[in-house]
Amino acid sequence: MGGAGGPEWLIREDAGRPVLIALYLRQALGIRSPDELPPLRGIPPRVNDRNEKAQALLERQWREFWALTVEPQAHPSPVPLDLVDGFGVYVALPTEGMDELRDAILPHAAEAVAFAEDVHARYSREAGSHSAYRAYASAIAEHERQVGRRAHSFELNVQVLPLAQRGVWWIGSLTIAVTDGLRGDIAAFDTAIHPIIAELA
């Protein structure tokens, strides 16, 4: 997007099934990180009965899986990836170094996929009622008025998620998470997205 010959900006918005599944598994496994990102609504937290060493190992593997899921191009796996049974095409783990995580997530496959499909379908219905392009274009135009120049070229991925707390969080170098309720509130979303646009453009 952007004017011909001028700076280009590319914004992709989704409620991505792989991201939703990863966050569902985070809660189902009692993973704490990333600490700043709130939990999903309606998913009961797991009572953690693992020892400290087992929990630390699972958390480390989940963080690697999260990075691979959110921004796969920025976090290529040093070994081949393999799809995990029960998750369709949505969960692929490295063939080495993730055995504990693979074993831990298998019992949650059906519930995680059903949750992600439901949220994604709801997002798709609601996305039809607002223009993603218009929301970001107006924030970029306002930023350009404030700084007195064209916006720099940039790329941004937006994941619209049913998080328990309203807000916007960086979850990757080019990716933010925004609460679904905030995304549906035009005025509040416009205010919340401005600092993100200012940082990038």
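In which helices of the chain is confidence lowest and highest?

**Figure 1. Confidence along the predicted chain.** The model shown is predicted. Helix α5 (residues 132-147) has the lowest confidence in the chain, at a mean of 79, whereas α1 has the highest, at 97. Over the chain, the mean pLDDT is 89, and 94% of the residues reach 70 or more.

**Figure 2. Helix α2 and its surroundings.** Helix α2 comprises 19 residues, 52-70. From first C-alpha to last, α2 reaches 26 Å, close to the 27 Å expected at 1.5 Å a residue. The N-terminal end of α2 is capped by N51, a side-chain oxygen of which lies 3.1 Å from the backbone nitrogen of K53. Buried residues of α2 include Q55, L58, E59, Q61, W62 and F65, and W66, A67, L68, T69 and V70 are likewise buried. The packing partners of these buried residues are the helices α1 (17-28) and α3 (99-105), together with the strands β2 (81-83), β3 (92-94) and β6 (175-179).

Figure 3. T69 lies in helix α2 and counts as buried because its relative accessibility is 15%, below the 20% cut-off. The T69 side chain reaches the backbone oxygen of F65 at a distance of 2.7 Å. With neighbours within four places in sequence set aside, T69 is in contact with P18, V19 and A22.

Figure 4. H75 is found in the loop between α2 and β2. At a relative accessibility of 36%, H75 counts as partly exposed. Between H75 and A192, the C-alpha to C-alpha distance is 27 Å, and their separation in sequence is 117 residues.

**Figure 5. Salt bridge between R183 and E13.** Eleven salt bridges are found in a search of the whole structure. In one of them, the side chains of R183 and E13 meet with an N to O distance of 2.6 Å. This pair links distant parts of the chain, with R183 in helix α6 (residues 180-183) and E13 in strand β1 (residues 9-14), 170 residues apart. Both R183 and E13 are buried.

**Figure 6. Salt bridge between D180 and R41.** The closest N and O atoms of D180 and R41 are 2.8 Å apart, forming a salt bridge. D180 belongs to helix α6 and R41 to the loop between α1 and α2, so that the pair links distant parts of the chain, 139 residues apart. R41 is partly exposed, with a relative accessible area of 40%.

Figure 7. S33 and P34 are joined by a cis peptide bond with omega of about -10°. P34 is placed in the loop between α1 and α2. Most peptide bonds are trans.

Figure 8. The side chains of R122 and D118 meet in a salt bridge, with 3.3 Å from N to O. Because R122 and D118 are four residues apart in helix α4 (residues 109-127), about one helical turn separates them. An α-helix has 3.6 residues a turn, so residues three or four places apart point the same way. R122 is partly exposed, with a relative accessible area of 27%; D118 is also partly exposed, at 44%.

Key
Residues numbered from 1 in each chain as written. Predicted model: local features only at pLDDT ≥ 70, side-chain atom pairs only at ≥ 80, totals over all residues. Heavy atoms only, no water. Helix = DSSP H or I, 4+ residues; strand = E, 2+ residues; numbered from the N terminus. Expected span 1.5 Å × (residues − 1). Buried < 20%, exposed > 50% of the residue type's maximum accessible area, 1.4 Å probe, protein only. Contact = heavy atoms within 4.5 Å. Polar contact = N/O pair within 3.5 Å; in protein donor to acceptor, adjacent residues only side chain to side chain. Salt bridge = Lys/Arg side-chain N within 4 Å of Asp/Glu carboxyl O. pLDDT = per-residue confidence, 0-100.
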